[in-house]
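Please open the model in your viewer and keep the selection tool at hand.

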Amino acid sequence: MIIKTEIATAHLRAAVQSMKRYDTTLDRADAMKAVQHGVRAAIMFSNDQVDPEVLFNLFELVRQYIAILTPIELMQIFPVDKKYDGARWGCKDYFYTMDMLREHGLNTPIGDRIDDILWDYTNTQMRIFTVRLTTVTSKIYRELTGEGRKRQTAAIPDQGSKALISSFSAPLGAI
């Protein structure tokens, strides 16, 4: 556990350095390094090691840098998993992800579509990042309201996953 924490801290330091460099130079390579190290740091820290609000702020900061990137740049850092049997099993695969990214525009900054892209992006590290962000958000919501997210979203089953995703970000404006 100590080694994992040291590695996460090293990734965090590298991410912060890249973010500072990007803020002064606006070099896209620095933004890509910030995302690479930021995602790895965020997924390595556990909820027990770091205060949930601090961890949430780290995730949100990394998300801001992901939004700067284009899908091609994101694929250079975290390649789309080469799984091709989505049509057979009814799940997301390489073709699904590539179609979604082409629809967005491969050279268009991710920007406001970050939630859709992260949710549909098939890469193991990015999937862990998205799930961990959802977990941290849920934990903060539980601390603020005393109830879990499941109770609130169970009341709106006909609205699908978009309602679930949007309901996670709504109450956090109070933080």
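**A tour by selection**

Select Glu 143 to begin, which has its place in helix 8 (residues 124-145); helices here are DSSP runs of H or I of at least four residues, and strands are runs of E of at least two, numbered from the N terminus. This is a predicted model, in which local features need pLDDT of at least 70 and side-chain atom pairs count only at pLDDT 80 or more, while totals for chains, interfaces and linings use all residues. Residues are numbered from 1 along each chain as its sequence is written, and side-chain values use heavy atoms, with hydrogens and water left out.

Glu 143 counts as exposed because its relative accessibility is 51%, where exposed means over 50%, buried under 20% and partly exposed in between, with a 1.4 Å probe and protein chains only.

Next, select helix 6 (residues 94-104), where the buried residues are Thr 97, Met 98, Met 100, Leu 101 and His 104. Seen down the helix axis, these fall within an arc of 160°, taken from the directions from the axis to the C-beta atoms, so they line one face of helix 6. They pack against helix 4 (71-77) and helix 7 (114-120), and contact means heavy atoms within 4.5 Å.

Finally, show the whole chain, which has ten helices and zero strands, and in which buried residues make up 42% of the 175 residues.
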